[in-house]
There are 2 protein chains.
Amino acid sequence: MESQNVKDTVRQIFTEYLNANGHRKTPERYAILETIYSIDGHFDIDMLYSQMMNQENFRVSRATLYNTIILLINARLVIKHQFGNSSQYEKSYNRETHHHQICTQCGKVTEFQNEALQNAIENTKLSRFQLSHYSLYIYGICSKCDRANRRKKVSNNNKKEK
Amino acid sequence: MESQNVKDTVRQIFTEYLNANGHRKTPERYAILETIYSIDGHFDIDMLYSQMMNQENFRVSRATLYNTIILLINARLVIKHQFGNSSQYEKSYNRETHHHQICTQCGKVTEFQNEALQNAIENTKLSRFQLSHYSLYIYGICSKCDRANRRKKVSNNNKKEK
DNA sequence: ATAAATGCAAATATTTTGCAAGCGC
DNA sequence: GCGCTTGCAAAATATTTGCATTTAT
């Protein structure tokens, strides 16, 4: 699906959501949706804020960003993550299901896909619970940190031997 | 494994960790470990703080709680979650692997076990990444909220008809 | 004796809230 | 015009940090 196509579709989904829930269709809300769907990968409120100011040339307050993000989450157009300090968000419509790999040392977050894993999660029978979405976070040491650690260890051992 | 037995074991693991990393073995650290392993399920810093003061009659500052929790996480004795606002923690030694079901409406967190799911996750081949642990969060509507929503909907429909 | 750890308070960071003004319906 | 929404600033919350004091080694 083309990018513009996706934007049109999510705008429509959002409109339906706003109508169904008696919320107003303000220009701020659509500008925020537009900006979010221009961002690839994760973002936090600060990044979204500067993105709106600079790229889209649209001025909104942080309060409105927080308010609107909640609507978008409820409309199932955005998902929220809480890795590091500040909450991270990502667009969710028309995105491949993916999982998150987080390095406990440098904090780097990498996405990966795995169909078997996805099937296993989606086919899990949940008793008395209506699944809406899920997040799998896998923690460990990334290859970069692992290499750095090995180098450090070698150099420490050398020191001790001296 | 008995509760006292577990506490002895984790104390020993912690001691080894502290020794291996050149950290001091302070009474605060052991008291915090002891308290954490007396708590079932999740806790946050505030709950741990009052738990220490009241139950264990041990006075520690929040700063020390935060510091010590980091050590315990590194020693693989505690896991950190970030659902709601404040970080949630749980003891991890000798606990069954489990997953988390979170109601997006009332925020209630329920644990559940599922071996097939666990196997699927643990057998996932990760390229250039050393797995240490993982968390699966499943979001949706719990049965209680679902029932409440149905009742509300019925009552709204009745209103409209009048 | 020395450096690490603690407690306290202040600082920081993030998110929420109250309220006046603006604007969608 | 009504009342939801916005922007701003203040407040609330959670976590980190600096520093003087204590204490493990």
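This briefing covers an annotated cysteine site in chain A and the interface between chains A and B. The model is predicted: local features need pLDDT of at least 70 and side-chain atom pairs count only at pLDDT 80 or more, while totals for chains, interfaces and linings use all residues. Residues are numbered from 1 along each chain as its sequence is written, chains are lettered from A in the order in which they are written, and side-chain values use heavy atoms, without hydrogens or water.

**Annotated site**
- An unreviewed UniProt entry places a "binding site" at Cys103(A), Cys106(A), Cys142(A) and Cys145(A); such annotations may be inferred rather than shown by experiment.
- These positions are spread over 43 residues of sequence, yet their largest C-alpha distance is 8.3 Å.
- Cys103(A) counts as buried because its relative accessibility is 1% (buried is under 20%, exposed over 50%, partly exposed in between; 1.4 Å probe, protein chains only).
- Cys106(A), at 45%, is partly exposed.

**Interface between chains A and B**
- In all, 32 residues of chain A are in contact with 32 residues of chain B.
- The buried area, that is, the accessible area (1.4 Å probe) lost on being put together and summed over both parts, is about 2700 Å², with 58% from carbon and sulfur atoms.
- Gln82(A), Phe129(A) and Tyr139(A) supply 22% of the area that chain A buries against chain B, more than any other three residues.

Conventions
Contact = heavy atoms within 4.5 Å. Buried area = accessible area lost by both parts, 1.4 Å probe.
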